[in-house]
Amino acid sequence: MFRDLREFLAKLEENGQLVRIKDSIYPEPTIREICRAAVDVPNGPAVIMNNIKGMKGMQIAMNVHGSWANIALMMGLDKDTPVKDQFFNFLEAWDRYPGEIKNIDSDKAPCHEVIVKDNINLFEHIPLFRINKWDAACFFSKSCIVSKDPYDKDNFDTQNVGTYRLQIIGKDQICIQALAFHDIARHVTHAEEQNEPLPVAIALGNDPVLTFMASTPINYDQSEYKYAAAINGIPMEITKALNSDLDVPANAEFVIEGEILPRVRVPEGPFGEFPGSYSGMRLQSVIQVKSISYRKNPIFENLFMGRPWTEIDYLMGLNTSAPLYNQLKESMPEVHAVNAMYQHGLTTIISTKNRFGGYAKSVAFRLSSTPHGISYCKNIILVDEDVDPFNLEQVMWSLSCRVRAEKDVLVIQNTPGMPLDPTSYPAGMGNKFIIDATEPTDPDGLLRDTRLIESPDSKDFEKVIADLQKAAQKA
Amino acid sequence: MKCVRCLHDTARLLTKAPDGSGAWEMYACSRCNFTWRNTEEDEVIKPELRDKKFQFTQEPEDLQILVPIAPLKKK
Ligand SMILES: [Zn+2]
């Protein structure tokens, strides 16, 4: 649907989901104030700012994925589509994997319209700013970082495209946060044991689906590019990097190429992170920049993360839920839907049929053994298959009327944890908290004899009432 | 010059406003990698006004490493 960021911005504008701030502003603190406001208004729009002091001629796009309306438009849906429908639509698109790849000659690729290789100064080309007040520096919070496994260089599918936070520490040096379980950490380790630099490319301002896929947990040997093509419904256009064998998105607004210096670690952080709190300072790897290329009149896209919800929560909501759903469904077909929208799945709600007594708890254990669930999913709530896990009123009803704490609540101590979760202590350790809010099934002790009120068949009348309401509001 | 976060004399001019307007300058510390712009809020760029929790008082080498450096493999 969208070949690049520009086509998506046009779509958002058509639908009243893009606004422009033309006032002259200082980068700090005004950009973060504007971004907080944009995500807080109902159906928050994307925002373009193009009059930033000291950065004449440069433009910044924020909050591009920052509402359910924007996510729906990215998926080709009506902007009012309910979240549960967006989830099932996304699953359908997901099953079209692998999509088609189209190679574009390097000298014809839009991302190579302007090439800078000498006297590199990132600040001369990109309107960088401090996102949150106590961040250590300017960060790229919405980039797609491409790397290959040095032991498996010819394998297109293990080439990784991921989003990791990047701290700009100098004119041509960037610090990259890799966590031990990230795919790129494996590439770094393989390069470092050979004492070799690891080539990387950082693509900024991508088509919205590629950005979406770069923060999706998929299997190590699956290609983010092929997923982006499948979900976008058009071929993914890539081109060769200028300094390495990496494949980069041909229509990116910017591509920064460089190498991770082997066996070097420098101070990185803090940075305001997705749990709504600052991460600490750690020692991390350094990218030495070798080139910057960009399109004419490039648009710098970045992401504001504040106390949830902000854009990151919309960006990671469905793409965290879908792979978990698919992995569960493989061995447990009773699973009906998965809502892992809360801080990358730290809290996850699963609706499932309770096939026999205690089965729902086994679904929680299965979630805890998926690659993502191992460290992220710590609070796990199970509801019946006729409860919509995206509808929190229904979930609360299940907690209220289905849970008897002494048999339905479990805490499993000292399991893997997510280091950025402020409750993870020591960083990387955690607990599993399981609430089974499903109706007990035989041979489990049943509820007292309970007769549910059946819902009448109301689907047809939903449209009738909605149309009448629209007409009433116009009158 | 002095870094506003670690207070060591390890900071320098990083860059000036790219449009040549002189609207701002940025500085960077080579010891703790903090950077700042001279037009930011006082409580971010004045050491005496900064939140103590966000000052850097450790030695850089004492920070935790999240991805350990693997032992060298013989070629
Ligand atoms: Zn310092």
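Is Thr216(A) buried or exposed? Thr216(A) is buried, with a relative accessible area of 7% (buried means under 20%, exposed over 50%, partly exposed in between, using a 1.4 Å probe and protein chains only). Keep in mind that this is a predicted model, where local features need pLDDT of at least 70, side-chain atom pairs count only at pLDDT 80 or more, and totals for chains, interfaces and linings use all residues. Residues are numbered from 1 along each chain as its sequence is written, chains are lettered from A and ligands numbered from 1 in the order in which they are written, and side-chain values use heavy atoms, with hydrogens and water left out.

**The two domains**

- Chain A is assigned domain 1 (5–301) and domain 2 (332–436); such bounds come from an automatic or database domain assignment.
- Taken over C-alpha atoms, the centres of domain 1 and domain 2 of chain A sit 30 Å apart.

**Where the domains meet**

- On the domain 1 side of chain A, 17 residues are in contact with 18 residues of domain 2 (contact means heavy atoms within 4.5 Å).
- About 1400 Å² is buried between domain 1 and domain 2 of chain A, and carbon and sulfur atoms give 77% of that (buried area is the accessible area, 1.4 Å probe, that two parts lose on being put together, summed over both).
- Lys84(A), Phe181(A) and Phe274(A) supply 39% of the area that domain 1 buries against domain 2, more than any other three residues.
- Between the two domains of chain A there are 0 salt bridges (a side-chain nitrogen of Lys or Arg within 4 Å of a carboxyl oxygen of Asp or Glu).
- The residues of domain 1 that touch domain 2 split into 9 nonpolar, 4 polar and 4 charged (Ala, Val, Leu, Ile, Met, Phe, Trp, Tyr, Cys and Pro count as nonpolar, Asp, Glu, Lys and Arg as charged, and the others, Gly among them, as polar).

**Around Thr216(A)**

- Thr216(A) has its place in the loop between helix H7 (208–214) and helix H8 (224–232) of chain A (helices, H or I with at least four residues, and strands, E with at least two, are DSSP runs numbered from the N terminus).
- Setting aside neighbours within four places in sequence, Thr216(A) is in contact with Trp94(A), Asn319(A) and Pro323(A).

**Around Arg20(A)**

- Arg20(A) lies in strand S1 (residues 18–21) of chain A and is partly exposed, at a relative accessible area of 38%.
- Beyond neighbours within four places in sequence, Arg20(A) is in contact with Glu13(A) and Ile48(A).
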